[in-house]
Amino acid sequence: MGKVCAVIVTYNRLEMLKECIDALLNQTYSLDGILIINNNSTDGTKEYLDGLVKENKKVQALHLNENIGGAGGFHIGVKEAYE
């Protein structure tokens, strides 16, 4: 069986992002990884994710220098997760 990684794209939705990550980390089926694409958020998302990455080896974050939209974020996220 292959590995399973969740890809999350976010932009200025820190509280919703926290809920999403919490749900993924606590679901019945354990994921091999969670990759979060931060679409240049300005609401403290970067700082939160940098701390989370240090605490949890399953979580990775990629911070973009511009907001490339949901489709652009998922394109990068799926590509990174696949590699």
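Helices and strands are here DSSP runs numbered from the N terminus, and this is the sense in which Asn12 is placed in the loop between β1 and α1. The views that follow show a predicted model.

**View 1**
Asn40 counts as partly exposed because its relative accessibility is 32%, which falls between the limits of 20% for buried and 50% for exposed.

**View 2. The largest nonpolar core brings together twelve residues.**
Its members are Ala6, Ile8, Leu14, Leu17, Ile21, Leu24, Leu31, Ile34, Ile36, Leu49, Leu52 and Val59. The elements that contribute two or more residues to this core are β1 (5–10), α1 (14–25), β2 (33–38) and α2 (45–55), and among the elements it is α1 that gives the most, with four residues. In soluble globular proteins, nonpolar side chains tend to be buried together. Leu31, one of the core residues, touches Val4, Ala6, Leu24 and Lys58 when residues up to four places away in sequence are not counted.

**View 3. Helix α1 has a buried side and, turned away from it, a face that carries exposed residues.**
This helix has twelve residues and reaches 16 Å from its first C-alpha to its last, close to the 16 Å expected at 1.5 Å a residue. Leu14, Leu17, Ile21 and Leu24 are the buried residues of α1, and, seen down the helix axis, they fall within an arc of 85°, so they line one face of the helix. An α-helix has 3.6 residues a turn, so residues three or four places apart point the same way. The buried residues of α1 pack against β1, β2 and α2, whereas the face turned away from the buried side carries the exposed residues Glu15, Met16 and Glu19.

**View 4. Ile8 is a buried residue of strand β1.**
The relative accessible area of Ile8 is 9%, and this residue therefore counts as buried, the limit for that term being under 20%. Leaving aside neighbours within four places in sequence, Ile8 is in contact with Leu17, Cys20, Ile21, Leu24, Ile34, Leu35, Ile36 and Ile37. Between Ile8 and Gly51 there are 43 residues in sequence and 17 Å in space, taken from C-alpha to C-alpha.

**View 5. Thr10 and Thr45 touch each other.**
Thr10 belongs to strand β1 and is buried, with a relative accessible area of 5%, while Thr45 belongs to helix α2 and is buried with a relative accessible area of 0%. Beyond four places in sequence, Thr45 touches Thr10, Leu14, Leu17 and Asn38.

**View 6. The largest pocket holds about 240 Å³ of space.**
Its lining is made up of 14 residues, of which Cys5, Gly33, Glu80, Ala81 and Tyr82 lie nearest the centre of the pocket. The elements that give two or more residues to this lining are β2 and α3 (69–82).

Notes. Residues are numbered from 1 along each chain as its sequence is written. This is a predicted model: local features need pLDDT of at least 70, side-chain atom pairs count only at pLDDT 80 or more; totals for chains, interfaces and linings use all residues. Side-chain values use heavy atoms; hydrogens and water are left out. A nonpolar core is a set of buried Ala, Val, Leu, Ile, Met, Phe, Trp, Tyr and Cys residues joined through side-chain atoms within 4.5 Å. Buried means under 20% relative accessible area, exposed over 50%, partly exposed in between (1.4 Å probe, protein chains only). Contact means heavy atoms within 4.5 Å. The expected span of a helix is 1.5 Å times one less than its number of residues. The arc is that of the directions from the helix axis to the C-beta atoms. On a 1 Å grid over the protein atoms alone, a cavity is a set of points where a 1.4 Å probe fits but cannot get out, and a pocket is an open set with protein on both sides within 12 Å along at least five of seven lines; lining residues have an atom within 4 Å of a point. Grid points are joined across faces, edges and corners, and a volume is the space filled by probe spheres set on the points.
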